[in-house]
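Please keep the structure in view while reading.

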Amino acid sequence: MKNRLKVLRAERDWSQADLAVHLDVSRQAVNAIETGKHDPSLPLAFRIARLFDMSIEEIFHDEV
Amino acid sequence: MTKYDVTEIAKVPSDGAIIVKRAALGIGGGIALVFMVGVIAGYSGVMIEHGGPDLTDAAILGVMALVTLVIAYGLWRLWPRGSDEPEAPRVKSARMMLAAVLGLSIPLGIILGMSDGAGSSLFSNAPIRPALAAIAIALWLIAGPLLSWLWLKRVDEHEAGAYREGAVTAVHAYMFVTPAWWIATRAGWLPAQNPMLVLLAVSIVWSIVWFNRRYL
């Protein structure tokens, strides 16, 4: 699954560690989501969407 | 302009690559340090037997001591230090739990390994004293599962996923390897299984999958 997390994070001048603190996960988790190695669960996807004040679909999209 | 260039972020080596590189350097440096200390001790011993150092001996020893100090300094620089980057409370808490599990496992292994003289080891099947066995079993059966459960409750979903994937792979490794070994033993091709060696092999499989999923 592709996502815009890296861009959204960079727009706010946040490091992966900064975003990880906001989401209460490890920096490795943020890195894995950004690189598409880990698809977040629905609860985490909702937390991410709320943090950036966007809908889940605006951040994540499938590769079809 | 942001301070984090997204095109640069992708070029940063993975955590796994950094950890593997540091581990390789640390192990290599550690072996070199032990080797140099041994060489210095051996050279000094021979020197004393031959009536003390002359100028050449002193120079050789000085060079060896310098090389040893350089290696030791390199290892000290390599030693991981605290990072300034922010960290979620959950991550700190999970790390403390992991340290507690290791803090339980290492003394337990040492106690069992040294329990019955020089012939015994962690993977020995030799008898041990009942009191020691009772302490080890109580620690492993009560504190072990409790700490593991507390740790699993604290890690984030990415880490929990890596842990679960490692566990599934390890169980499959156990299911396929153990019966094959059992049959091979009955056919006289392999010695009888040592359960602790099987446990070690399964744990290694688990750790490799977990590390790969978490850091690479």
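Predicted model: local features only at pLDDT ≥ 70, side-chain atom pairs only at ≥ 80, totals over all residues.

A:D53 is placed in the loop between α4 and α5 (56–59) of chain A.

**Positive phi in chain A**

- Most residues other than glycine have a negative phi.
- A:D53, although not a glycine, has a positive phi of about 55°.
- Its relative accessibility is 72%, so A:D53 counts as exposed, the cut-off being over 50%.
- A:D13, found in the loop between α1 (5–11) and α2 (16–23) of chain A, also has a positive phi, near 60°, and is a residue other than glycine.
- Because its relative accessibility is 28%, A:D13 counts as partly exposed.

**A:K37 and chain B**

- A:K37 lies in the loop between α3 (27–34) and α4 (42–51) of chain A.
- Leaving aside residues up to four places away in sequence, A:K37 touches A:A32 and B:L216.
- A polar atom of the A:K37 side chain is 3.2 Å from the backbone oxygen of B:L216.
- A:K37 and A:V21 are separated by 16 residues in sequence and by 20 Å in space, C-alpha to C-alpha.

**Helix α2 of chain B**

- Helix α2 (residues 15–49) of chain B has 35 residues and should span 51 Å at 1.5 Å a residue, which agrees with the 51 Å between its end C-alpha atoms.
- Buried residues of α2(B) include B:G29, B:M36 and B:I40.
- The buried residues of α2(B) pack against α3 of chain A, and against α3 (55–78) and α7 (195–215) of chain B.

Methods
Residues numbered from 1 in each chain as written. Chains lettered and ligands numbered in written order. Heavy atoms only, no water. Helix = DSSP H or I, 4+ residues; strand = E, 2+ residues; numbered from the N terminus. Contact = heavy atoms within 4.5 Å. Polar contact = N/O pair within 3.5 Å; in protein donor to acceptor, adjacent residues only side chain to side chain. Expected span 1.5 Å × (residues − 1). Buried < 20%, exposed > 50% of the residue type's maximum accessible area, 1.4 Å probe, protein only.
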